[in-house]
Amino acid sequence: MKIILTGGGTAGHVTPNIALLPTLAKLGYSVEYIGSHNGIENGLINLCGIPYHSISSGKLRRYFDMKNFTDVFRIIKGLCDSLLLLRKIKPNVIFSKGGFVAVPVAIAAAMLKIPIVIHESDITPGLATRIALPFAKVMCASFPETIRNNNKGVLTGSPIRQELLNGDKSAAMNLCGFNNLPKKPIILVIGGSLGAVAINKHIFELLPKLLQDFHIIHICGKGNALQDAQAGYAPFEYLQDELPAVFAAADLIISRAGANTLFELLALKKPHLLIPLTKAASRGDQLLNAASFEKQGFSMVLHEEELSADTLYNALAALYHNQDDYIAKMQAHQTADGITKIVEEIKRWTKK
């Protein structure tokens, strides 16, 4: 059986696909990937050792931009690329994690009568998912709110990479140079695959104060790491293979509110402070994700409009003081096995 995975643009559109790879391999699926020429998915998938095919990819914006006119031709080119690839590979099923690169793949699959299963991580489907949905057999979802009034929706949860749950804390301590320092609680700061400028700014400002009581692991994005080394502070532009270890080492986590990250934090039972992207910087999905987790008692939320060095420090102090309450809420939650449920849908729609 052959399956094509697709999705890209951000790490959140790629890592859930990666989480499915071991299970798909055990079931005997031959896996290939369709992504864009220069997207983040290219590098991430090539590390997985599966065939990668690149297509032309455009972006559909919700605002006026001259690139909207030229990107129409890129999308048409992407559709032609997809048709040629699908005719050549002849997959039994396609799984899409979203992003605009997946749109021409979904349309081509429908034209060739190849079943496609899509997954939406956020509460509200993005534009690419909404375009692809009419061509899909089913839409898997992480949040129950997503499938209300949707006759194609199935609640599966989010696929969590199993290696994230089995990190080696001692490896992180060695990586960060904390072994020979006085023992302190560890704060992990993650701003997404590209870092987060607003969060980084206030972490830098607070470092002298925070390092009195905590060690800091800071995933700050490319080109954003501080050059002057400080004892107890470990900056990284990006982490991949080492991420399970630093998750295991962390006592508190500061993060954006991308859906994949939220469900990873929930599975890890790690107390966390969410700083969602603003409505001006996104379509508002992170605000809704964060509100849902805050309502359920899993997360503390600090909105970026309220973000300052003082509010960030006070929020961290409150999170540390009340961490047992957050852990108890997360432990009481029955986390769905997203990988199993999604693979069940893939098996269901695999065309013999």
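F73 lies in helix α3, residues 67-89; helices here are DSSP runs of H or I with at least four residues, numbered from the N terminus. The model is predicted: local features need pLDDT of at least 70, side-chain atom pairs count only at pLDDT 80 or more, and totals for chains, interfaces and linings use all residues. Residues are numbered from 1 along each chain as its sequence is written, and side-chain values use heavy atoms, with hydrogens and water left out.

V72, F73 and I76 form a nonpolar surface patch with about 300 Å² of accessible area together. Patch members have over 30% relative accessible area and no salt bridge, and nonpolar side chains are joined within 5 Å. A salt bridge is a Lys or Arg side-chain nitrogen within 4 Å of an Asp or Glu carboxyl oxygen. Areas come from the Shrake-Rupley method with a 1.4 Å probe, and for residues only the protein chains shown count as cover.

The table gives burial classes. Buried means under 20% relative accessible area, exposed over 50%, partly exposed in between.

| Residue | Class | Relative accessible area |
|---|---|---|
| F73 | exposed | 59% |
| C80 | partly exposed | 42% |
| T15 | buried | 12% |
| C140 | buried | 0% |

How many disulfides are there? A disulfide is a pair of cysteine sulfur atoms within 2.5 Å. The count by this rule is zero. C140 is in no disulfide; its nearest cysteine sulfur, that of C48, is 20 Å away.

T15 is in helix α1, residues 15-26. The C-alpha atoms of T15 and P159 are separated by 8.8 Å, with the two residues 144 apart along the chain.

Technical notes
Patches are made of residues with over 30% relative accessible area and no salt bridge: like charges are joined within 9 Å, nonpolar side chains (Val, Leu, Ile, Met, Phe, Trp, Tyr) within 5 Å. Helices (H or I, at least four residues) and strands (E, at least two) are DSSP runs, numbered from the N terminus. Buried means under 20% relative accessible area, exposed over 50%, partly exposed in between (1.4 Å probe, protein chains only).
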